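Let's take a look at how charged side chains pair up in this protein. Have the sequence and the 3D view handy as you read.

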Amino acid sequence: MTENPERLALVRAGFERVHVELHWYDGPRKGIADVQGTPHYFEAVHDHWHPDDPHDDEYFVWPVDEASFSLEREQSAVVDDWHKRVADGTATTGWPGDGGVDRRYDELQVLLGPRRKAPAGVRRLVAEWKTPAADQYDAEGPAYIVRWRQER
């Protein structure tokens, strides 16, 4: 990711990298981001964003193992490639997540499904999201970053 002064200032303020976006609904709902420098799955406590819900910024977080992280990055690359093809007008099929569009994406979906389930005793943290870059996505993952704190 290209470093810019705003991003560097946010990193110095405790914001961390988001590696993979798995679900977005009016903001990040599920994915992989660093928590104290180590990749973790994150999943919103609520499936959908509710502007009046004071707990809407709360997430379950748990460490992601190296094998799962590698598979997640591979699947994310399939989606990134699709975004690029949509942007340049060469996408000839629908979004890979619809199923039946990209064979490898579908295989990874089956492999990753059980790995994406929160284990017992999962931590619950509050997230603050910032997007210092102009684009929502780039080659390294989502352009937005996150700062975590203990739940209320």
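## The overall picture

Keep in mind that this is a predicted model. Side chains of opposite charge can pair when their charged atoms come close. The structure has ten salt bridges.

## A link between two strands

Start with Glu58 and Arg124, whose side chains form a salt bridge at 2.7 Å, N to O. Glu58 sits in strand S4 (residues 58–63) and Arg124 in strand S5 (residues 123–130), so this pair ties together parts that are 66 residues apart in sequence.

## A pair within helix H2

Next come Asp81 and Arg85, joined by a salt bridge of 3.0 Å, N to O. Both belong to helix H2 (residues 66–87), where they are four residues apart, or about one turn of the helix. Asp81 is partly exposed at 38% relative accessibility, and Arg85 is partly exposed too, at 24%.

Arg103 counts as exposed, with 63% relative accessibility, whereas Glu107 is partly exposed at 31%.

Which residues join these two in a network of salt bridges? Glu74 and Arg104 do, linked together with Arg103 and Glu107.

Definitions and conventions: Residues numbered from 1 in each chain as written. Predicted model: local features only at pLDDT ≥ 70, side-chain atom pairs only at ≥ 80, totals over all residues. Heavy atoms only, no water. Salt bridge = Lys/Arg side-chain N within 4 Å of Asp/Glu carboxyl O. Buried < 20%, exposed > 50% of the residue type's maximum accessible area, 1.4 Å probe, protein only.
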